[in-house]
Amino acid sequence: MTPVALVLWCIAVLLGVSILAVMMARWSRATAVIYGASFCVSAVAFVTVLLQLTAASASAPLPLVLPLGLPWLGAHFRLDALAAFFLVVINLGGAAASFYGLGYGRHETAPQRLLPFFPAFLAGMNLVILAADAFTFLLSWEFMSLVSWALVMTHHRERDTRMAAYIYLVMASFGTMALLLAFGLLAGASGSYDFATMRMATHTPAVAAFVLTLMLIGAGSKAGLVPLHVWLPLAHPAAPSHVSALMSGVMTKVAIYGFIRVVFDLLGEPAWWWSMVVLTLGGVTAVVGILNALMEQDLKRLLAYSTIENIGIIFVSLGLALAFEANAMTWAAALALAAALFHVLNHSFFKSLLFFGAGAILTATGERDMDKLGGLIHRMPFTSFAFLVGSVAISALPPFNGFVSEWLVFQAILQSPNLPQWGLKIMVPAVGGLLALSAALAAACFVKAFGVAFLGRPRTLAAQLAQEVDRFSLTAMFVFATLCLFAGVLPGIVIDALAPVTFTLVGDRMPVQTSVPWLSIVPITESRSSYNGLLVFVFIALSASLAAYIVHRFASRSLRRAPAWDCGFPEASPQTQYTSGSFAQPVRRVFGTHLFRARESVEMPAPGDPEPARFTLDLRDLIWEGLYEPIAGAVWFTAERLNHLQFLTIRRYLSLVFLALVFLLLVLALWS
Amino acid sequence: MNGLTFDIAHLLAGGLVLVSFMMLYQDRLYSLLNMFALHSLVLTLSVAWQAYVQQAPHLYVTATIALVFKAIIIPVALHRMIRRLGIHREIETVVGIGPTMFAGMALVALSMVVMLRVTQAADPLAREDLAFALSVVLLGLLVMVTRRNAVSQIVGFMSLENGLVLAATGAKGMPLVVEISVAFSILIAFIVIGVFLFRIRERFDTVDVRALDDFKGKRRR
Amino acid sequence: MALVLLLAPLLTGFVRKIKARLLRRQGPPLIQPYRDLLRLLRKEVVLAENASWLFRITPYLVFAVIWVAASLIPTFATGLVFSWTADLIAIVALLGSARFFLALAGMDAGTSFGGIGSSREVMIATLAEPAMLLTIFTLALVAGSTQLSTIAAVMISSHVGLRVSLGMALIALIMVAIAENARIPVDNPATHLELTMVHEAMVLEYSGRHLAMIEFAAYLKLLLYISLIACIFLPWQLALPGTGAPAYILGVVAYLAKLVIGAVLLALFETASAKMRVFRVPEFLGAALMLGMLATLLLFVSRSL
């Protein structure tokens, strides 16, 4: 059986599992069965595509056509290197989320709302990647969106969830509409929706630019590109945590896949100015996303905002790849694209890990609000260790994987002087500055997340009584933690696995990494720059243990516990610790005054008055106020105006229909 | 032209841009004036170096004018004026320092792109001189836009003029007469503005130009 | 690696001595930092009641990370054996790792002082790190490499010439170095008032051998930055690989001289300036960020690019 067929069978089984889930909704063991089945199927699919990616046959794989969908078209499925890479990401994430669900799902109050949709969601994402014609692609895309919407609605009794799901639905439909138009333009006059035919077609610059814009809207809204990101921090956290992990860690990657597939594969030669647009959007997305994350005190929303930041980083490197490709600098384009794909992989690792961690906290304490947590490192040592690994990795610190991909992006940025366009030459380092800023802010953000939630003293009773979570959840977290370290220490292996993908898309690859001595990685040549995660890791581990050993062996080993220094004024309550809001205050003072119109006001009671002092903080989301509220207002206004159409007589309705018909006929008459 | 002459010219012109940024950063009138004096001094050096490189003696005259008028007389006069007006405290900037800096960066990037694209064929020295000069002019305008105080607006205007002089010296062959007339027109403008300042103050008790706006508003109503 | 370890406390002692002499005080002897370290190492650790394992491993981790970073910087000779392990960007990120863990440790004890220190430290870092990276961009664009040895080799050769960008990069790097090492005017390394401290507030709960490791890491960091600036902007007499013993000796002498110059300048600057308010620091570092950006921009009007 060919790999494509095998993956399709897996998808079919997943869909079967979801039907099964509907049937045994009330059965108490359903959770274990469904998640177990999803796990097995995802694992099979994962192994299949991983083998396919590493085997990397030189010949282009042929599409598999099934007699489904449109009768004259059929459903095309194809598994090339790009699809294989993204399927690896999806099925790894899917398998881990299912495994995590084995433990986490037991605490679900209404599993029948969740179980049927979970395998269907996995199947939908797989289908989008496999699709090789526009019809199947759009259908699977919409299927994926709708199923994920249903997953967001799991806890539909909460008002916030309903609001989030509503906004998500609106944005998703809007995005699909943009994609529909984009594919319509791509199909053009030939009218063939098959990807292979689309690839052959040539487009005028105006049409190509229009397709790019539509893709930025369609795929960008799914991925969370600013300013289309508003739904993401609402919808992702509203779902159960393993679904949040899938949505943030994996579904956004499906959107990236859509963008890469169309812009790099189907659209033909890029124009250089496209990259300016993509770079700007990416840079702004990264900074806005992470600043929002820093202001957040809900742990899951913080993670969702940080997803937006990472999407920004990925788009920046995609923009770089476009710039280099447009100027026929294929080696640099390969570098930038490899950086983007590497970051896709990394982000799926650590974001899933972090959402699993947030889910573990939710199980243990019932809280998402960081200001009600604290001290969990004592109660949940394993979870906190895994979360720490994820935090270090996402903050782009060596020797973990986040650093490697960001390092590759920086290396790609340093190729910019070779670009002929002055605008790009100057813009690329500026975007590099934005990226550096967002990396530094990400570190601050995750110091805050880990520090407030896990360190210090417990702020509430719930945090005080937290228990370590079950083994399934822990295993899922530790798998990802190991992968984070592995990809950070031995990045050469990952980069080599990406080579077929970059080769098919931009016609070049990065130098073979596994042949470099000492397992370093080199972006172009060794004289320019190289990085060796393994040695850095070994050096740090060695010198830390050496230092610890020498100190403990030859100097003092004694230890005494005592109360912390309180400056002579004992703080009775753990409430006096730094909270997430107070931790972010300096950064808010620096950046927030303009970006969020942050206003702080302190009301002090009169002397002698026993009233408590009050501190209020006012943050405003300018993107929401500036872009979405006017649109919503306009829609509301039009709806009000149109409302009176509802109260017309039959005769008037008929005349409306008649007029419309005449108008259409007139258009037809005058057009041709 | 060998490397060193270019390097020094480059250094001086780049220094001028840097001093323009430092002017943007200042929030006190006296330090702003000192920065302006420094600005003019760097300009003098730059012009003198150009004179030496191009072997154009008339540029020495320009340099001397810049040194005497802009680096010495005008700052000293403004110092005295500020003291007499009693406004040596802070300048109220319209926007904060951070956004102003960012705007400045964007302006420099813009002028680089424009100038380097337009002057692809020109000789490298003139090219970078022009690029720097445009940045200085734009930054001078930015100083004028972001300040409310009339004195700092004058300073912004003069730094703008320094940028023009830099462009003129880089472009080889601008006649001396033009330069002298430019310099004198600036001087006259300076005197006129100075007189105006005192008039404004007598009338409104402040040199904040918002007062003028208020006045305009009242008249219309 | 051992050299930096031995020199670092001496350098700090030297800076302190110069500062004291500038204030017409006698000052502690040069070897005082060594004595401090030994004394701290012998003392028992007093651990806050709430401190976790993270708090206990952080000192060793921070020390190790900074040590690795410091030993990656060419001191008196280019062509270190492992110089290809990590480039300048990685060195910055390594310092970032150290700060990450230190900031976490500050929050571990569950007191407000640790929180105040950590939150201010990360605020400073969010501006200092991009400024440093932009400076590195400038250097990397000039040298065509982010590898420190290569950059130093390019800077030794006379192709570079005087460039306004490099001057700006130097100033930006110095500003970042001052902020990162918690020196005046950003932070006062000698303060004992909790509310004004940044770095010191973060490590307030440390004592005994843990404090010794952290102090040692701080000494190393100062040495690291001075060596970095010396290696990039004063690359003269760096021994190139394979030039024989005399060149190496000359290199060592020159390196020591550079350290002395750096220390004296630092002490002069610190004595001459006053500490700023915490919320003036963003403006200071914003200026560094702007200089870094400007340096990159102005690079494009230079000759060779």
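Student: How many bridges join strand E4 of chain A to E5(A), and do they run parallel or antiparallel?

Tutor: Five bridges join E4(A), residues 599-603, to E5(A), and the two strands run antiparallel. Keep in mind that this is a predicted model.

Student: Which residue is the bridge partner of Arg599(A) in E5(A)?

Tutor: Asp618(A) is the partner of Arg599(A) there.

Student: And is E5(A) buried or in the open?

Tutor: E5(A) covers residues 614-618, and the number of its five residues that count as buried is zero, so the strand lies largely in the open.

Student: Let's zoom out. What does the secondary structure of chain A come to?

Tutor: Chain A has 24 helices and five strands. Of its 672 residues, 56% count as buried.

Student: What radius of gyration does chain A have, against that of a compact globule?

Tutor: Chain A has 26 Å, and a compact globule with 672 residues would be near 26 Å, so the two agree. The C-alpha atoms fill a box of roughly 90 × 70 × 60 Å along the principal axes.

Student: What share of the contacts in chain A with a separation of 6 or more comes from residues 24 or more positions apart?

Tutor: Such pairs account for 80% of those contacts.

Student: Switching to the interface: how many residues of chain C are in contact with chain A?

Tutor: On the chain C side there are 72, in contact with 72 residues of chain A.

Student: Which element gives the most to that side of chain C?

Tutor: H5(C) does, with 16 residues. Elements that give two or more include helix H4 (88-108), helix H5 (112-143) and strand E1 (45-48) of chain C.

Student: How does that side of chain C split by class?

Tutor: The side of chain C that touches chain A has 42 nonpolar, 19 polar and 11 charged residues.

Student: You mentioned E1(C). Which strand of chain A is joined to E1(C), and by how many bridges?

Tutor: Strand E3 of chain A, residues 559-562, is joined to E1(C) by four bridges, and these strands run parallel. Within that pairing, Leu559(A) stands opposite Val45(C).

Student: Last topic, helix H7 of chain C. What span does H7(C) reach, and what is expected?

Tutor: H7(C), residues 164-180, has 17 residues and reaches 24 Å from its first C-alpha to its last, close to the 24 Å expected at 1.5 Å a residue.

Student: Is H7(C) mostly covered or exposed?

Tutor: Mostly covered, with 14 of its 17 residues buried.

Student: What about the phi of Ala182(C), which follows H7(C)?

Tutor: The phi of Ala182(C) is positive, near 55 degrees.

How values were computed:
Residues numbered from 1 in each chain as written. Chains lettered and ligands numbered in written order. Predicted model: local features only at pLDDT ≥ 70, side-chain atom pairs only at ≥ 80, totals over all residues. Contact = placed C-beta atoms within 7 Å. Nonpolar A, V, L, I, M, F, W, Y, C, P; charged D, E, K, R; others polar. Pairing = 2+ DSSP bridges. Expected span 1.5 Å × (residues − 1). Buried ≥ 20, exposed ≤ 12 C-beta atoms within 10 Å, placed from the backbone. Rg over C-alpha atoms; globule rule 2.2 N^0.38 Å.
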